[in-house]
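Hi,

Here is the structure I promised to send over. Have a look at it first, and then read my notes below.

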Amino acid sequence: MEDPTTFAAHELPRDPRLLATVTNALLGTRVFHHALHVSGVYNGAGGDTHRAVLPSPLSVRLEAPAGLGAQLTETFALDTNTGSFLHTLEGPHFRAAQRLYAHRTLPRVLAVRVSIARLAPGSGPITLLLPSAFSPESPDLDVHLGPDFHGARYLYGHTLTPEQPGGPQQEVHMLWTPAPPDLTLGEGEEEGTWDFLAVVGGSQAEAQACLEEALRLRAGGALYSAHALAWAQLWAECGVDVGGPLALRQALRGSLYYLLSALPPPEAPGYICHGLSPGGLSNGSREECYWGHVFWDQDLWMFPNVLMFHPEAARAILEYRIRTLGGALENAQNLGYQGAKFAWESAGSGLEVCPEDIYGAQEVHVNGAVVLAFELYYHATQDLQLFREAGGWDVVSAVAEFWCSRVEWNPREEQYHLRGVMSPDEYHSGVNNSVYTNVLVQNRSDTRPPRLASAPPQLQTCPCAPTWRAAAGSPEWQPPSPTSIPSLRFAAALAQDLGLPVPRQWLAVADNIKVPFDVEQNFHPEFDGYEPGETVKQADVVLLGYPVPFSLIPEVRRKNLEMYEAVTSPQGPAMTWSMFAVGWMELKDAARARDFLDRSFANVAEPFKVSLATPASHWALMVGVDQASAGAAGPRTAARRGRCPRGPGVSCLCPLGVDGELGRVRRCELPDRHGGLPAGGALRVHGVQASARLAEGSRTPSCRLTVRSSHRLTRSGVTFDPLCPSGISGVSVSGIFYQGNKLNFSFSEDSVTVEVTARAGPWAPPLEAELWPSQARLALPPGRRPRQPPRAQAPVTTGRPSPPGCLPPPAGRKASFPRSAGRIQRSPPKLPGRSGSEFPGRTF
């Protein structure tokens with residue numbers, strides 16, 4: 001039977017960067033790799049800042065003694081069900097297994113379990129080897145051996161160089177139970193199991209306390225089972241699957257797994273997010289995968305997926321931006337502007353740590369991605385406490401002040417211009433009025449479709465006109481356009497919700513900033529002076545509409561896609577092609593959507609579904625040329641020559657792809673790869689993008705599956721407009737979070753099913769589905785109630801089972817109806833003597 005959840009092989013990839021990774025919220029490593037990374041622990045000053053390497057005492061690989069190897073079958077498997085990597089050796093007389101995992105509920109614990117089982121009775125002792133090259137040394141830490149603790153070895157020290165002059169040198173304390181060079185299953189024994197641990201803390205006391213807890217679980221035989229149970233609960237509460245080829249299903253599962261593995265369990269006490277790097281926590285050593293820095297990938301590509309399934313972790317990501325606001329304020333001041341400019345590459349302080357000044361100074365669009373994440377979170381949770389008391393408003397208002405100080409008034413055009421920037425297309429620098437950047441500053445998507453007999457002439461060519469078509473003299477009804485209002489418009493709306501005055505300049509800039517549009521050719525030039533035919537690096541203008549909410553009439557949306565499809569570099573990141581797929585799904589072209597979906601798969605490497613920065617066909621070239629030249633010339637010289645300054649690598653957490661000059665590698669998508677539904681909809685789970693349109697105001701994770709599950713978070717609700725690309729029979733997304741409710745959403749070529757499975761409490765509003773164009777409404781009664789959220793003011797549901805001893809209420813009814821567009825929204829208060837619209841579907 002085909003299994004989309006386990007990725008197995010009989011050989012490991014030759015390139016160690018393509019090995020599977022195991023991570024949790026605090027620790028990350030690649031299997032059989034010497035380096036262990038700790039979240040938030042960096043070494044090096046300024047542009048040399050990178051994740052500090054801690055030597056891994058569990059970098060062991062099970063082997064058979066000489067003479068037995070030819071008789072054995074060896075298998076390597078990443079088991080996403082249990083969040084672990086399994087290495088097995090099986091012969092005629094025994095079966096041995098080595099399982100490596102980063103503990104899900106004890107995030108400071110990395111563990112290896114070795115088991116040997118006898119298959120043939122009467123055989124003698126069975127001895128297997130556990131060779132290790134561990135050495136208690138690090139290029140980034142001043143480390144020393146200390147006294148043993150409960151039989152565990154002890155290593156402690158601090159980073160060599162702080163990120164900023166005079167900054168703290170971070171402490172690291174590690175305890176581990178050493179693995180012996182060999183293990184023996186004695187004569188007469190049927191099976192044996194051994195567990196080895198590594199525990200990392202910020203202090204000796206913290207490491208010791210965590211080790212004691214792990215040893216207690218190990219003594220009770222519950223160390224691994226507690227970890228596996230936590231993963232089982234997680235998968236029971238959220239997931240994405242499709243009716244389609246096994247490769248697609250595995251890519252989705254892998255993306256989601258890698259993203260979720262980087263997050264803490266719901267309601268994890270004391271969790272502090274240090275940012276999500278494109279390469280994941282398993283990568284980021286010096287000269288590797290952007291050195292563990294945080295980019296726009298976190299906010300634009302990863303965050304929507306996290307928000308869709310795990311709102312508490314989404315809040316923690318925003319809190320990272322709040323904690324680093326001081327660095328962003330200083331960045332803006334250093335550039336001569338007011339407000340806050342978030343770093344293009346950020347580490348611990350929020351100060352710019354990109355080694356090439358041009359990116360930090362010009363890629364100001366990162367500010368728009370940061371505010372868009374705050375906006376989506378607000379729409380999904382209505383958590384005013386984050387903005388009123390926890391610093392969220394400070395971030396939003398500081399970015400608004402930056403935009404207003406950064407623009408210039410052009411009296412001839414009577415518009416504000418944004419000059420000297422670099423957009424996502426890093427092949428062009430120092431441009432004026434980048435469409436993508438300026439739309440993030442302002443965004444005009446707050447329009448509603450008119451119900452007119454004919455379109456006014458000025459709207460027929462307006463690229464931001466309401467989405468509707470004229471047919472035989474009368475408009476064809478289209479669903480309401482999203483009402484998301486990034487940056488300045490969101491800042492103004494939020495100020496009103498908080499009862500604060502709105503500076504006039506915010507709306508003046510939003511209303512009058514230039515958004516270039518070529519009326520003759522009916523498309524958006526990427527920037528002032530862009531000539532059709534110029535090569536672009538990656539998705540840029542095509543991001544308008546999704547993930548950036550921006551209303552476009554179908555003709556302009558189509559022209560943008562066609563214009564930039566022809567000139568986009570084939571070596572660009574996979575997220576580029578998934579965004580084209582989303583665009584074609586919006587235009588109801590299932591065949592072209594599937595074509596671009598398949599193109600995005602070119603960046604997924606077998607056997608462990610690791611996302612590459614460039615297509616697999618270009619990987620050997622990058623490894624053979626760029627790494628050598630970058631290393632010889634130095635990162636800055638290599639960057640000037642258009643090569644990867646950080647070395648080629650994987651793009652674990654973000655959408656598959658490269659995010660810098662040619663080979664500037666990133667990892668996006670879920671877990672150690674990143675994955676999530678992009679803001680505004682597309683379900684991006686590691687290389688596959690399931691385009692989902694949530695109403696503007698509520699966004700869903702970014703899974704890279706171009707299967708238009710069509711959810712978009714908006715101010716009004718979660719919109720949907722499902723479409724299956726060619727060859728995909730259906731899509732199922734479970735555990736979608738919206739304002740205290742958990743929903744399951746699935747669709748096929750002819751029907752849609754929605755179910756509210758849980759409600760966090762009486763504060764969570766009842767929901768309904770409004771269908772378009774009929775405007776029929778269907779109530780969505782809730783199912784079982786999860787545990788109460790930790791915050792009383794801004795509760796966030798986790799969708800977890802009821803506590804032991806409590807019987808959950810019966811599950812909610814499923815609402816099924818013919819496939820159509822619509823919106824999941826709050827149910828309006830019922831008026832006396834009136835009933836809701838009749839619904840043509842059924843409930844069961």
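A word on terms before the helices: helices are DSSP runs (H or I) of at least four residues, numbered from the N terminus, and the expected span of a helix is 1.5 Å times one less than its number of residues. Please keep in mind that this is a predicted model, where local features need pLDDT of at least 70 and side-chain atom pairs count only at pLDDT 80 or more, while totals for chains, interfaces and linings use all residues. Residues are numbered from 1 along each chain as its sequence is written, and side-chain values use heavy atoms, leaving out hydrogens and water.

Helix α3 (residues 246–260) spans 21 Å from its first C-alpha to its last, close to the 21 Å expected for its 15 residues. Of those 15 residues, 13 are buried (under 20% relative accessible area; exposed is over 50%, partly exposed in between, with a 1.4 Å probe and protein chains only).

Now the salt bridges, each a side-chain nitrogen of Lys or Arg within 4 Å of a carboxyl oxygen of Asp or Glu. The whole structure has 31 of them. In one, Asp-511 pairs with Arg-489, with the closest N and O atoms 2.7 Å apart. Asp-511 lies in helix α14 (residues 504–512) and Arg-489 in helix α13 (residues 487–497), so the pair ties together parts 22 residues apart in sequence. Asp-511 is partly exposed at 44%, whereas Arg-489 is buried at 15%.

Lys-609 and Glu-606 also form a salt bridge, at 2.6 Å from N to O. Here Lys-609 is buried at 4% relative accessibility, and Glu-606 is partly exposed at 47%.

Best wishes

Technical notes. Helices (H or I, at least four residues) and strands (E, at least two) are DSSP runs, numbered from the N terminus.
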